Amino acid sequence: PPLTAPPVRPDPPHPPILRRRSSSAAGLRKLQIDLGAMSAAPLPSDADACLDRLARLGKRLVVVAAGGGSAAIAALATVPGASRVLSEGIVPHSREAFAGIVGGTPEGFCSARSARRLAMAAWDRCRRQGAAPEAAVGVSCTASLATTEAKRGEHRVFVAVQTLGMTSTVGLNLLKGRRSRAEEEEVAAALVLDRLEEVVTGAPSTPRVDALLLGGESLSLDDVVARPPWQDLLAGRGGRVCLSGSPDREAAAAIFPGSFDPLHDGHRAMRRIAAGIVGREVAYELSLRNVDKPPLDHAEIEARAAGFAGAPAWLTSAATFVEKVALFPRATFVVGADTFARLWDPRYHDDCPDRVRTAVDRIAEGAGGFVVFGRVRDGVFTDPATLPAPEPLRRMATFVPEEVFRDDVSSTALRRATAAGGE
């Protein structure tokens with residue numbers, strides 16, 4: 001249970017911390033930034049100690065701060081020799097900038113899940129800038145702080161730290177009306193530096209946020225330590241590992257790839273129908289990598305694995321279908337109409353006709369077949385048999401008609417409903 005903080009500042013050296021497994025929160029629909037108040041926030045004075053400890057460990061760092069916490073970036077960047085550790089600091093002020101980093105508009109901008117996605121995007125950027133998997137660290141802050149207009153919702157801060165082996169998230173609800181914007185920014189920045197040091201080095205050299213919490217405020221932590229096979233996939237070592245159940249050679253003969261965010265009854269019905277068509281059990285396949293989004297963080301993988309409820313499932317690093325066919329040669333793939341259409345869509349092949357032909361040929365040569373289901377979009381059912389599939393793919397496809405399967409529920413709608421209902 002949480003310890004109770006004293007009713008007035010300053011709090012004792014150890015703030016109340018509630019450790020729990022948390023799910024994603026409903027987020028703000030608008031990021032509001034009071035630049036004047038932000039610039040007035042005092043910078044943490046001991047960022048040099050944080051950087052020194054990270055440098056001794058050989059770490060490289062990318063930090064993203066959306067809506068709050070940018071003072072932590074400024075504090076780190078102004079330390080002499082900061083470039084030994086700090087590779088990049090990013091402050092996305094607009095929805096479009098935020099979406100560009102995470103590969104799409106999230107259901108909520110200020111949430112634990114969005115913080116994790118930003119941190120994983122930061123970790124991935126750090127890797128692409130030359131850091132080794134074990135050395136890369138991604139840190140993010142997403143916050144809803146005091147601004148020039150009164151807010152109906154809570155003032156909140158979420159900080160996430162991503163390493164090869166861990167996804168760590170902390171949430172903090174601030175008491176409304178008790179601080180200025182600059183003071184709330186000071187709390188956010190202190191929390192960023194504290195969590196960075198604690199996750200990477202084991203403990204902050206000098207806890208900063210302790211003395212800034214008010215009575216009734218507490219931190220909520222959610223740490224997920226990755227299994228070694230997950231770490232290998234994220235680092236680019238290996239191609240597939242068991243995620244759920246006990247997939248064997250037979251379970252690699254029929255594969256149902258998807259994001260399953262979340263898995264719902266429509267997915268389960270597709271798997272059941274496809275198993276009847278191909279005459280064998282169908283295994284789910286979840287890729288931690290995506291063509292146009294950051295990798296899945298460890299908390300996200302854990303949550304989606306739980307949704308499979310023991311059904312056979314693979315975790316892979318195969319972002320494209322060419323890669324999936326290489327991992328599961330001669331397998332029959334279970335797909336929806338939209339996924340099937342992407343196999344020859346030029347947009348997914350750099351708008352290059354030669355690359356489209358090459359991908360289609362490799363898929364047709366490597367796959368054992370396709371079971372293709374229709375998809376409802378905006379109330380209109382797409383009959384998969386009417387898709388203009390290249391002949392090599394059409395010949396190997398079994399199209400499931402609407403009278404056999406139609407499901408009007410989408411994972412996107414379910415996520416939006418969950419976000420609207422709160423965390």
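This is a predicted model: local features need pLDDT of at least 70, side-chain atom pairs count only at pLDDT 80 or more; totals for chains, interfaces and linings use all residues.
Trainee: Which residues does the cis peptide bond join?
Mentor: The cis bond lies between Asp 261 and Pro 262, with omega at about 5°. Pro 262 belongs to the loop between strand 9 (254-257) and helix 8 (265-278).

Trainee: What about Phe 260, what is its phi?
Mentor: Phe 260 is not a glycine, yet its phi is positive, at about 50°. Phe 260 is placed in the loop between strand 9 and helix 8.

Trainee: Is Phe 260 buried or exposed?
Mentor: Phe 260 counts as buried because its relative accessibility is 4%, and the cut-off for buried is under 20%.

Trainee: And Ala 309, where is that found?
Mentor: Ala 309 is in the loop between helix 9 (298-307) and strand 11 (313-316). Ala 309 has a positive phi of about 50° although it is not a glycine. With 68% relative accessibility, Ala 309 counts as exposed.

Trainee: Changing topic, how many aromatic pairs does the structure hold?
Mentor: There are 14 aromatic pairs in the structure. One of them is edge-to-face: the ring centres of Phe 260 and Tyr 284 are 5.1 Å apart, and their planes stand at 75°. This pair links distant parts of the chain, as Tyr 284 is in strand 10 (residues 283-287), 24 residues from Phe 260. Phe 260 and Tyr 284 are both buried.

Trainee: Which residues form the aromatic cluster?
Mentor: One aromatic cluster is formed by Phe 321, Phe 333, Phe 340, Trp 344, Phe 370 and Phe 399.

Trainee: Lastly, what lies over the face of Trp 314?
Mentor: Arg 240 does, at 4.4 Å from the ring centre.

Note on methods. Residues are numbered from 1 along each chain as its sequence is written. Side-chain values use heavy atoms; hydrogens and water are left out. Helices (H or I, at least four residues) and strands (E, at least two) are DSSP runs, numbered from the N terminus. Buried means under 20% relative accessible area, exposed over 50%, partly exposed in between (1.4 Å probe, protein chains only). Rings of Phe, Tyr and Trp (its six-membered ring) pair if their centres lie within 6.5 Å; planes under 30 degrees apart count as stacked, over 60 as edge-to-face and the rest as tilted. A charge sits over a ring if NZ of Lys or CZ of Arg is within 6 Å of the ring centre and within 35 degrees of the ring normal.
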